[in-house]
Amino acid sequence: MTDGDRSDDAATDAGSGTAAPSDVADEDTTDEGGDTAADRSPVLLVRENREYLLRPGERLETDLGILRVPAGVQPGDTVATHLDDEFVVRRLRGPDLFHHFERTGAPMVPRDVGLVLGETGAGTGDRVLDAGTGTGVLAAYLARAGARVVTYERDPEFAEVARENMAVGGVADAVEVRTGDVIEDLGDLSGFDLLTLDTEDAPSVAARADELLLPGGFIAVYSPFVEGSRAAAEAARECGLEDVTTHETIQREFSFGDRGSRPDTAPVGHTGFLTIGRAPDAPGLVE
Ligand SMILES: C[S@@+](CC[C@H](N)C(=O)[O-])C[C@H]1O[C@@H](n2cnc3c(N)ncnc32)[C@H](O)[C@@H]1O
């Protein structure tokens with residue numbers, strides 16, 4: 001149920017020890033008591049190269065013994081298996097969402113999320129239109145930065161997984177996952193501070209950015225191919241957006257070895273192209 005991964009990061013996390021749903025045994029309801037939803041938020045149980053995503057009250061059979069997560073566990077606590085191997089409890093943060101969300105549409109990698117946040121300043125009080133939701137990594141990061149997000153996913157199964165991912169990420173209240181094709185709803189949408197687009201048909205949405213964005217609002221279009229970026233940039237300019245730029249997103253990892261330091265020999269970390277543009281300010285506000 002995936003449309004592919006975009007990165008070396010995506011390829012490497014398969015061995016991280018993430019618990020597959022089938023690894024999780026029946027919930028141990030004896031620990032639940034009168035817990036609130038917040039008490040039941042998933043946490044990571046971490047030991048060396050193992051990371052298991054579990055909720056308080058759940059138990060998991062691992063190669064190191066049975067792990068039971070007590071109610072009320074806090075980040076930094078340790079939880080031992082029945083064979084006395086200890087795991088540390090970690091609260092999920094953005095990169096953990098990237099590694100542990102159930103994957104459907106290829107998620108945006110953390111460095112590209114960082115570029116979107118940095119170039120647009122998305123944050124508290126912003127209203128964001130995001131399409132498509134896919135795995136929901138970008139939507140969750142935006143919500144964690146304080147924005148309220150309306151995100152569209154046309155594949156109903158993907159949308160359902162994304163809703164579950166938002167719950168795992170603790171942002172279900174801030175992210176509304178709508179099942180449907182964003183293009184079909186464009187006529188009913190307006191008043192956004194930010195558009196984040198990660199679909200092949202993003203240029204068709206960019207062409208309506210003037211109707212969707214508030215004055216001074218931003219558009220960020222993420223495309224795996226430069227042809228898509230060019231089409232999005234042209235559409236954004238044609239509908240009156242300003243300061244339209246496109247950058248390739250590349251990140252090189254460095255190795256610090258005994259003989260010296262150099263870029264890692266893994267392939268150059270190209271993941272895509274990011275096009276940014278901005279709606280003009282309201283007439284009369286700018287000289
Ligand atoms: C590359 S994924 C998005 C990943 C997402 N940015 C993330 O960080 O997880 C693209 C998703 O957009 C969905 N999609 C494509 N065109 C769409 C459209 N017009 N309306 C709604 N969803 C669309 C696809 O089904 C796919 O799941």
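Trainee: How many residues does α9 have, and what span does it reach?

Mentor: α9 has 13 residues and reaches 18 Å from its first C-alpha to its last, which is close to the 18 Å expected at 1.5 Å a residue; the expected span is 1.5 Å times one less than the number of residues in the helix. Keep in mind that this is a predicted model, in which local features need pLDDT of at least 70 and side-chain atom pairs count only at pLDDT 80 or more, while totals for chains, interfaces and linings use all residues. Residues are numbered from 1 along each chain as its sequence is written.

Trainee: How many helices and strands are there in the chain?

Mentor: The chain holds 9 helices and 15 strands, where helices (H or I, at least four residues) and strands (E, at least two) are DSSP runs, numbered from the N terminus.

Trainee: Back to α9, which of its residues are buried?

Mentor: They are Gly228, Ser229, Ala231, Ala232, Ala233, Ala235 and Ala236. A residue is buried if 20 or more other C-beta atoms lie within 10 Å of its own, exposed if 12 or fewer, and partly exposed in between, with C-beta atoms placed from the backbone. Across the 287 residues of the chain, 38% count as buried.

Trainee: And what covers the buried residues of α9?

Mentor: The cover includes α7 (202-206), α8 (209-212), β11, β12 and β15. α9 (residues 226-238) packs on the sheet, touching β11 (213-223), β12 and β15 (269-278), and its direction makes about 5 degrees with that of β15. Contact here asks for C-beta atoms, placed from the backbone, within 7 Å, and the angles run from 0 to 180 degrees between N-to-C directions, using axes fitted to C-alpha atoms, for helices over the stretch in contact.

Trainee: What is the strand order in that open sheet of 7 strands?

Mentor: The order is β9-β8-β7-β10-β11-β15-β12, with mixed pairing, and two strands pair if DSSP finds at least two bridges between them. β9 (175-179) and β12 (242-251) stand at the edges with a single partner strand each, so one side of each has no neighbour in the sheet. On average, neighbouring strands are turned by 15 degrees against each other, direction ignored.

Trainee: In which sense do β7 and β10 pair?

Mentor: β7 (residues 127-131) and β10 (residues 192-197) pair in the parallel sense over 4 bridges, and Val128 stands opposite Leu194 in β10.

Trainee: Which strands does α5 lie across?

Mentor: α5 (residues 156-168) lies across β8 and β9, and runs at about 170 degrees to β9.

Trainee: New topic: is Ser190 buried or exposed?

Mentor: Ser190 counts as exposed because it has 12 C-beta neighbours inside 10 Å. Ser190 is found in the loop between α6 and β10, and touches Glu211 and Leu212 when residues up to four places away in sequence are not counted.

Trainee: Which residues come nearest to the ligand?

Mentor: Of the 24 residues around the ligand, Gly105, Gly132, Gly134, Val137 and Thr199 come nearest, where a residue is near a molecule if its C-beta atom, placed from the backbone, lies within 6 Å of it. The elements giving two or more residues to this shell are α4 (137-144), β8 (148-153) and α6 (182-185).

Trainee: What joins β1 to β2?

Mentor: β1 (residues 43-47) and β2 (residues 50-54) run antiparallel and are joined by 5 bridges. They form a hairpin with 2 residues between them, and Glu48 in the turn has a positive phi of about 45 degrees.

Key. Contact = placed C-beta atoms within 7 Å.
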